[in-house]
Amino acid sequence: MGRGPCQGLFPAYGRAMRDHASRLPTSPGFWRSPLRGPGFTSVLGLVLLVGITVLFLTGLLSYAAYNPGLSPVNDKTPDKGILGFYLFDWPTGPHWLYRLTQGVHVTLGVTLIPVLLAKLWSVVPKLFALPPARSLAHALERLSLLLLVGGALFEFVTGVLNVQLDYLFPGSFYPLHFYGAWVFFAAFLAHAALKTPAAVRNVRRMREEREAPARGLEGAEEMDGAEEAGGELISPRPDTASVSRRGALWFVGGGSLLLFGTTAGRSFDGPLRRTAVLAPHGGADPGSGPNGFQINKTAAYAGIGAAETDEDAWRLVVTGRTGTVRLGRSELLQLPSYSAALPIACVEGWSTSDQWWRGVRLRDLAALVGFDADPPDVFVESLQRHGAFRHAALRANQVADPRSLLALAVNGEDLSPDHGYPARIVVPAAPGVLNTKWVARMTFGDL
C-alpha cells in the first residue's frame, strides 16, 4: 500500500520536469518551427557566402579610394597596420568606378538584410545547444559562430545607420566599420570553411528530395537519412506547417527584392530615384535647373556665409615650388577652361548621373606654381571650419588627369552655394568627400 502513491508520483514528476525543460531555449523541443532544417539553412548560407564576399571586397575598395596612405587627413584608421597591405593608388578611370563599387556595396548590403535575418533565425537553436563545447573543434566552431553573429549584426547595423545619417554609435563610423569588417570576415571565412561542403551537400539533397516521389520508397528513405544528418536544426516535435520551406525562401527573396527596389534608385537620377524611399537622399532632387541635383552637405550646414564667398572677398591661395599665387574668381575665369562630364558618388551609396562641370584643370594650377611637367600631389583646404573632410589630399595621378577640375560652373551655370560656390574640386572616380567644396587653398608638392 505504501508504494502505490510513489509509483504514480514519479512518472508525473518526470513528465513535469520534461515539460518544464522544453520551455527553455536550451531544449530542442523549445524550437518548434517545421521550417528549420539543413536544406533551408544551407540555401541561405550559400547566398550569404557570395553576397558577403562581394560586400567585403567592395568595402576594401571603398577604403582604398580614399588614398589613406597619402595623407593623415585621408586616413581615418591610422592604426590599421598590416590590414592595409592591399592598398594601391586609386585610379581615375573609369570615371564611374566609385559610383559602381560603392553603389553595389550599399545596395547589396541593404538587400541582404532579410537573408541574414532568416539565416540567423534558422540556426538560433544551435546558439543555445548544450553542452557549450563537446570538443576543442566544437569549441572553436562555437566561438567563430559568436564572432560571426555579433560581427554581422554590428556591420549591418552600423552600415544602415550610416546610410540613414543616424550616427547613434560611439566614435567615428570609418574605424568602427573597417576594423569590425576584418573581425567579421575572419570569422565568416572560418565558418565558411567548416560549413560550405555540408551546405552544398544539403542543397543537392533538397533537389533529390523533390525527385524522391518518382524514385519510390527507397528514395524517401534516403531523404530521411539526410534529414537525420541535420537533426540539430529539426524540431523533435514540430508545429503544423503553415508554409513550405520553398515558400519561406520565396518570402525571404521577396523581402530582399523589395529592399532592392526601394534602395537601388539612389544611384540613378530621374524616376528611379523616387523609388529610393528608404534612402535619405532619395526622392526628388533639391531644387531645379542646372544645379538641381543631389547634395550631401548644404552651405548653411557647413557654416559657409555669403560674406566669405563674395567675389570681392574670396581668393584662392595656390602654393607650390615657385611660391604663392592668389587668384580671385574673375582671374580664374580668365584662365583656359575645360569641361568634363563626371558624377558625384558618396560613401553612403548615393550618386548623381554625369554632370557637365567647367573650370580650370588642376594640372594647370600646378603649372602656375612651378610644376609644368609632372604635377605632384595636392593638399586642398576648404572654407569649411569643421568636419572630417574639410581638408583632403589628392594623388599626383588625380591632379594630372585632364578631367580633374577646379570647377566654377556646372551644366552651364555658376555653382550654387550648396554645390561649392565659388569653386570646388571635381575628380573622376573619387569619393564625393574628396571633391572638396568651397575651396580656399591648394598646396602642391609631395605630401
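**Aromatic contacts**

Reply: In this predicted model, K76 is positioned over the face of F389, 4.7 Å from the ring centre.

Contacts between rings come next. Such a pair is described by the distance of the centres and the angle of the planes. The count of aromatic pairs comes to 17. One of them joins F184 and F188, a tilted pair with 6.1 Å between centres and 45° between planes. Because these two residues stand four positions apart in helix α6 (residues 173-215), about one helical turn separates F184 from F188. Both F184 and F188 are buried.

Another pair brings together F293 and W357: the ring centres are 5.7 Å apart and the planes meet at 90°, so the arrangement is edge-to-face. This pair links distant parts of the chain, 64 residues apart, with F293 in the loop between α8 (245-261) and α9 (299-302) and W357 in strand β4 (residues 355-361). F293 has a relative accessible area of 3% and is therefore buried; W357, at 0%, is buried too.

F184 and F188 also belong to one aromatic cluster together with F56, F85, Y86, W182 and F185. In the model, residues 43-66 are 96% helix, with end C-alpha atoms 36 Å apart, while residues 177-200 are 100% helix, with end C-alpha atoms 30 Å apart.

Note on methods. Residues numbered from 1 in each chain as written. Predicted model: local features only at pLDDT ≥ 70, side-chain atom pairs only at ≥ 80, totals over all residues. Heavy atoms only, no water. Phe/Tyr/Trp six-rings, centres within 6.5 Å; stacked < 30°, edge-to-face > 60°. Buried < 20%, exposed > 50% of the residue type's maximum accessible area, 1.4 Å probe, protein only. Lys NZ or Arg CZ within 6 Å of the ring centre and 35° of its normal.
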